[in-house]
Amino acid sequence: MADLSAAAQATVQVRVQGAAQMRELGVSLAAFLRAGDLIVLTGKLGAGKTTLAQGIGTGLGVRGPVTSPTFVIARVHRSLRGGPDLVHADAYRLGSRLEVDDLDLDTELDRSVLVVEWGEGLVEYLAPAHLLVRIDRPRPAVPDGSAAEPGDEPRLVTITGMSSMITRLSQVI
Ligand SMILES: Nc1ncnc2c1ncn2[C@@H]1O[C@H](COP(=O)(O)OP(=O)(O)OP(=O)(O)O)[C@@H](O)[C@H]1O
Ligand SMILES: [Mg+2]
């Protein structure tokens, strides 16, 4: 993700029918990630940001479980296979860049993939480029019956990033 040109940005959208499919999307995404990559997750409470992060953790092959950080803001999940670690952070309670600086997230970045929930507008400066993943809950007027598990609802996932990566990603998701 070294290309900083705004012109080189692209977007792909994918509809996800349930939590299991959201995790699968994370696994697919992980195959494209390298140490130093920053993924910013955005979307309302309960949108599925942690669920997606769980899939990324599975795809990277890191020590789990990836959960919603309650008492800690960031957690390091070490790779179980010599690949990049996952640093999973939740910026919900962070109000300023100074507070982000205090976490020293960038010290781990050269050997990790950094995934930050609620990070939009706050953490982008940590890496030269990032992937922005927006999760929306479209409310269907009539349930379409495609839910695989109780509680499953469709989500619309919009991924924006370097066009070369988005092009490759759009072939697998
Ligand atoms: N299509 C879907 N994708 C993801 N999660 C879904 C989907 N449908 C239902 N769910 C459920 O919605 C919940 C999403 O919770 P999750 O913790 O991932 O959200 P979050 O965006 O991280 O929330 P928070 O803002 O509190 O951090 C889970 O209980 C999950 O099972
Ligand atoms: Mg969460």
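A nonpolar core is here a set of buried Ala, Val, Leu, Ile, Met, Phe, Trp, Tyr and Cys residues joined through C-beta atoms within 7 Å. A residue is buried if 20 or more other C-beta atoms lie within 10 Å of its own, exposed if 12 or fewer, and partly exposed in between, with C-beta atoms placed from the backbone.

The model is predicted: local features need pLDDT of at least 70, side-chain atom pairs count only at pLDDT 80 or more, and totals for chains, interfaces and linings use all residues. Residues are numbered from 1 along each chain as its sequence is written, and chains are lettered from A and ligands numbered from 1 in the order in which they are written.

Of its 173 residues, 35% count as buried.

The largest nonpolar core holds 37 residues, and those touching the most other members are Ile39, Leu41, Ile56, Leu114, Val115, Val116 and Val133.

The largest share, five residues, comes from α1.

Leu25 lies in helix α1 and counts as buried because it has 26 C-beta neighbours inside 10 Å. Beyond four places in sequence, Leu25 is in contact (C-beta atoms, placed from the backbone, within 7 Å) with Val14, Val16, Leu52, Gly55, Val157 and Ile173. The C-alpha atoms of Leu25 and Val14 are 9.1 Å apart. With the same exclusion, Val116 is in contact with Val40, Leu41, Ala89, Ala91 and Val123.

Conventions: Helices (H or I, at least four residues) and strands (E, at least two) are DSSP runs, numbered from the N terminus. Two residues are in contact if their C-beta atoms, placed from the backbone, lie within 7 Å.
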